[in-house]
Amino acid sequence: MVEVDPARVLLVDDRRENRIALQAVLEPLRVEVVEADSGEQALREVLTQDFAVILLDVQMPGMDGIETAELIKARDRSRDVPIIFLTAAESDLAEVFAGYEAGAVDYLLKPFDPLVLRSKVKVFADLDRHRRQLRRSDELVRNAFAAATSGMALCDLDGLALQVNPALERLTGRGEAALARTLVHDVLHERDRPQLAERLLAAATHGDGGEPWTAHVMGDDGTPFPVTVTVVSVRDVHGTPQQLLVQVADERDRQIAATLQRALLPDRLPSIVGVSLAAHIAPGGGGTRVGGDWYDAIALPGGRLGVVVGDVAGHGVDAAARMGELRSVARAYALEGHAPVALVERMNGYHVGLGADLMTTMLFAILEIDSGTLRFVNAGHPPPLIVRPDGATEIVHGAGPPLGVMDTWRYEERVASLRPGTTALVYTDGLVERRGERLDAGLERLREAVARGGSPEAMVAAALAATEADRADDDVTLVAVRGEARLGPVARLKLSPDADALTSLRRLTARWLRETGAEPDEVHDLVMAANEAWQNALEHGTNFARTTVDVDLEVDPHGEVSITVRDAGSRDRSPSDPDRGRGIELMRALADEVTLELAPHGSTVRLRRALRSPALDGAARPASDRAATG
């Protein structure tokens, strides 16, 4: 089951000593407890957060527990949240009945038994966690279904299509409206429909639709073309078939190879300050053998880069379909902010959950641009190659098992330095493995080809030529990542509520400021001021939601630094009260000018400061003349 955040419990009591005592009772449950000291504050909390259960004191001054419960139950978002009333032992039956009428699921009289209270809360916390895990699992399955490269139709036991994916629409040339709520055998040529009907009946009756077989779909020109059809049953917990999944995979290898090559390459490599990228992917066998290679390059919040390279063993539509599924899931996990070890362990659990018999290797890396540190985890994949500016090369060994081989495995993170001018190459085995020779020979060819240096594009071209990648039997995938010496006068970045993203952004901003010529005290002041703006945007602008804040760093030709922070605009506070603390005052004390544009649809904070001795020639101040800040 996928991992989710701890269940959240709302504790409402006007007496602080009661809240402290209840916090101690709930501590062993490992839940997140949110406190409210009044009914009014409780209502504000349920406006912005979801809770597994609410512990509500009945006898509070002002808005009492009964009235608070009625208002909570009147909202769609919080209507189904269970409420446990806490009240004094002398409460009469009328009050108890009023509590149940207001929507309480239980009543506990003070002083209550800690074990009883903890047990009741645990039940609702577990239910909430399981519900969110199921919702998250369903979301991942839906995304995988939609992203699969093979056509798929989810049908009832009679073969009526309930859902179809985009790949089936493309394969058949028919839209969802023409495919959904129709018999799935209509997508096949007439002569193949009886066999599909037999397979559907077998899968619906005893759960086995048999081995994949070749059928035909009519092309746009009226000519039938071959496809591989697979029928599997979707069973309930008792093993009884409830639905049928029909997979239709195009067998026209050259067309699939071209389509996959276009699909697997991102629309464009991300533009990330301080990094240069180049990539190549091609099917093996002269472009006709469809396999399971993929790569991804992902701009991560905080000015970091995520790189994924993976390889599903085997060829054909099964490997390709599994590859598309895993690529989508890996990208989703990366954007959630998981570190390399956490991401690969989640991918291993996901692979195990699929019950897949196709072995998959994968490498996931995060480049922290501010420090030039490459952190990566290798799950049975070829080792990355590091090429330094002087031509020296290093193969970074150390890998855990491929995904799915072990139900659980503690993968280890490896670290490599990617200082300016250093390039990391990550690739699949099709680049270096050749029949009849040792792997070391292929690695040595790769070393010699890239040791000459050059841009990432030049190194990729040299590697492909030296290894004769166009003649490889297997897919060939190669990604080159190089750290650059300068970040440039303009840096456009993103920030999320992850601690790693915030730490990385602080260090990257300090590096950028030093490059502009900022003195140590200027670096310190501007990073502190910017950090206040970021924290405000995350807390007040996005309410720590899983979204991003835009951060732009710019220096003009005269040496005036501008730091701009834009949030998504979920503020519910007035412009006259821009923050609860003294953050704005601090920003104004540390910058020459602070401008605020606060609006519900999106707010902007801009900090400006003229540097005393900017690096107007475009060169960063020498390291000996400045101090690190971060």
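Which residues of helix α2 (residues 39–48) are buried? Gly39, Gln41, Ala42, Leu43, Glu45 and Val46 are the ones, where buried means under 20% relative accessible area with a 1.4 Å probe, counting protein chains only. These residues pack against β1 (8–12), β2 (32–36), β3 (53–57) and α3 (65–73); contact here means heavy atoms within 4.5 Å.

Before going further, a word on what you are looking at. This is a predicted model, in which local features need pLDDT of at least 70 and side-chain atom pairs count only at pLDDT 80 or more, while totals for chains, interfaces and linings use all residues. Residues are numbered from 1 along each chain as its sequence is written, and side-chain values use heavy atoms, leaving out hydrogens and water.

Now for the whole chain. Its secondary structure comes to 16 helices and 25 strands, which are DSSP runs numbered from the N terminus (helices are H or I with at least four residues, strands are E with at least two). Of the 630 residues in the chain, 51% are buried. Among contacts between residues at least 6 apart in sequence, 65% join residues at least 24 apart.

Five strands form an open sheet in the order β2-β1-β3-β4-β5, with parallel pairing; two strands pair if DSSP finds at least two bridges between them. The edge strands are β2 and β5 (104–110), each of which pairs on one side only. From one strand to the next, the twist averages 20°. Five bridges join the parallel strands β1 and β2, and Leu10 has Val34 in β2 as its bridge partner. Helix α1 packs on this sheet, touching β1, β2, β3, β4 (83–88) and β5, and its direction makes about 170° with that of β2. Such angles run from 0 to 180 degrees between N-to-C directions, with axes fitted to C-alpha atoms, for helices over the stretch in contact. Helix α2 packs on the sheet as well, touching β1, β2 and β3 at about 140° to the direction of β2.

Helix α1 (residues 16–26) also meets helix α5 (residues 114–147): their axes come within 9 Å and cross at roughly 70°. The two are therefore roughly perpendicular to each other, a term for angles of 65 to 115 degrees. In their contact, Leu22, Val25 and Leu26 of α1 meet Pro114, Leu117, Arg118 and Val121 of α5.

Strand β14 (residues 360–368) pairs with β15 in the antiparallel sense over seven bridges, and Leu367 has Leu374 as its bridge partner in β15. The hairpin of β14 and β15 has four residues between the strands, and there Gly372 takes a positive phi near 65°.

Our last stop is another open sheet of five strands, ordered β21-β22-β23-β25-β24 with antiparallel pairing. β21 (490–495) and β24 (593–597) stand at the edges with a single partner strand each, so one side of each has no neighbour in the sheet. Neighbouring strands here are turned by 15° against each other on average, direction ignored. Within the sheet, β22 (residues 549–555) and β23 (residues 560–566) pair over six bridges, and Val555 stands opposite Val561 in β23. Helix α14 (residues 499–516) lies across β21, β22 and β23, running at about 170° to β21. Helix α16 (residues 583–590) packs on the sheet and touches β24 and β25 (604–610).

Key: Parallel < 35°, antiparallel > 145°, perpendicular 65-115°, else oblique. Buried < 20%, exposed > 50% of the residue type's maximum accessible area, 1.4 Å probe, protein only.
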